[in-house]
Amino acid sequence: MSLGAAEDDSGTEIHLPADIDWEMLDKSKFFFLGAALFSGVSGVLYPMVVLKTRKQVITKDVSCVKLAVSILRSEGCRGFYRGFGTSLVGTIPARSLYMGALEMTKSNVGCVTVKMGFSEAKAAAIANAAAGVSAAMAAQLVWTPIDVVSQRLMVQGGNSAVRYNGGVDAFRKIIRTDGVRGLYRGFGISILTYAPCNAVWWTAYSMGHRAVWGGIGCYYYKKEGDCGGGGGVGFTPNSKAIVAVQGLSAAMASGFSAVITMPLDTIKTRLQVLDGEGSNGRLSIGQTVKNLVKEGGLSACYRGLGPRWASMSMSATTMITTYEFLKRLSTKNQDCHI
């Protein structure tokens, strides 16, 4: 894969490793290694998810530091891993669905858009947006029930009225009280949250990735020009530079998508956690929005933005570098290396 340094005729090209599509992957290796790698990443980032969830359901705005200290004092380190076992069980099938749908859609849509005459950049942006939507919708079939159970376990030390003795007990009580529908509480709003979030993220990542490399190419060309280098030059970045650009692009995309979708995520969390947690009747989306506005105006919809932004940025940076590494480990032809 080659990227031009800029839209002008600088002649500088950056030679990156070829993209790996769905047909090039050893599927069994891809899913097995993916489950192991992403489970480890989820464990490292889980405390931030707990902080974000607690902040979204409390009625008073408390700083992240005070909340973290409160959890540590009252519940110890275990408080930051409430519901982790349940979350981990769901992570493996959900990630498998996500990665499969992502790669299949990206490969198929990418081929179609190129045949339709779109430029490489536009085709990549469209393919990434479509892949993000399809991956989010596929994963939510598994992830929503896991989300409902794990989030209720997360807030037990906070403002939870119902007590659960682990994930299995929570699962049984939710089924007994609300039936299977209770496990899919907030499924619609989850799709409305994660589908556009994924579309925005993958599109922003694709565009940011090209923009960063374009900037590096321009810098490289100017540097070579100052040193008396000629036109038509090119260079191949090393693996450290590739990983650094992937991480930077992922962090930029995460910040952008976190700000856009934060209100929807707050509404989704409240619907999944507070409904059945001592609330009077079933909460609707409209009532949830009214409650949030009453508690703190528009800013109440952005409670937990800090932890979510940090979590998404760290998660995305780690995930995308791990994901690209995973794809190269899982290629049928091991001639591809980063």
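Mentor: Trp202 and Tyr205 both lie in helix 7, three residues apart, which is about one turn of the helix. Please keep in mind that this is a predicted model.

Trainee: How are the rings of Trp202 and Tyr205 arranged as an aromatic pair?
Mentor: The pair is edge-to-face, with 6.0 Å centre to centre and 85° between the planes.

Trainee: Are Trp202 and Tyr205 buried or exposed?
Mentor: Trp202 has a relative accessible area of 6%, so it is buried. Tyr205 is at 7% relative accessibility and therefore counts as buried.

Trainee: How many aromatic pairs does the structure hold?
Mentor: There are seven aromatic pairs. One of them joins Tyr81 and Phe84, edge-to-face, at 5.6 Å centre to centre and 85° between the planes. Phe84 counts as buried because its relative accessibility is 18%, under the 20% limit. Tyr81, at 35%, counts as partly exposed.

Trainee: Which residues form one aromatic cluster?
Mentor: Tyr46, Tyr81 and Phe84 do.

Trainee: Changing topic, how many salt bridges are there?
Mentor: The structure holds eleven salt bridges. Among them is the one between Arg54 and Glu75, whose closest N and O atoms are 3.1 Å apart.

Trainee: What does the pair of Arg54 and Glu75 tie together?
Mentor: Arg54 belongs to helix 1 and Glu75 to helix 2 (residues 64–75), so the pair ties together parts that are 21 residues apart in sequence. Arg54 counts as buried at 4% relative accessibility, and Glu75 is buried at 17%.

Trainee: Which residue forms a salt bridge with Lys268?
Mentor: Asp147 does, with the closest N and O atoms 3.2 Å apart. That pair links distant parts of the chain, as Lys268 is in helix 8 and Asp147 in helix 4, 121 residues apart. Both Lys268 and Asp147 are buried.

Trainee: And what about Arg308 and Asp265?
Mentor: They form a salt bridge with the closest N and O atoms 3.5 Å apart. Arg308 in helix 10 and Asp265 in helix 8 are 43 residues apart. Salt bridges that share partners join Lys52, Asp265 and Arg308 into one network.

Trainee: Finally, how much space lies in the largest cavity?
Mentor: About 1,100 Å³. Its lining has 40 residues, and Arg95, Trp143, Tyr194, Ser315 and Met319 lie nearest the centre. The elements giving two or more residues to this lining include helix 1 (27–57), helix 7 (187–226) and helix 10 (305–329).

How values were computed. Residues numbered from 1 in each chain as written. Predicted model: local features only at pLDDT ≥ 70, side-chain atom pairs only at ≥ 80, totals over all residues. Heavy atoms only, no water. 1 Å grid on protein atoms, 1.4 Å probe; cavity = no way out; pocket = protein on both sides within 12 Å on 5 of 7 lines; lining within 4 Å. Points joined across faces, edges and corners; volume = space filled by probe spheres on them. Helix = DSSP H or I, 4+ residues; strand = E, 2+ residues; numbered from the N terminus. Phe/Tyr/Trp six-rings, centres within 6.5 Å; stacked < 30°, edge-to-face > 60°. Buried < 20%, exposed > 50% of the residue type's maximum accessible area, 1.4 Å probe, protein only. Salt bridge = Lys/Arg side-chain N within 4 Å of Asp/Glu carboxyl O.
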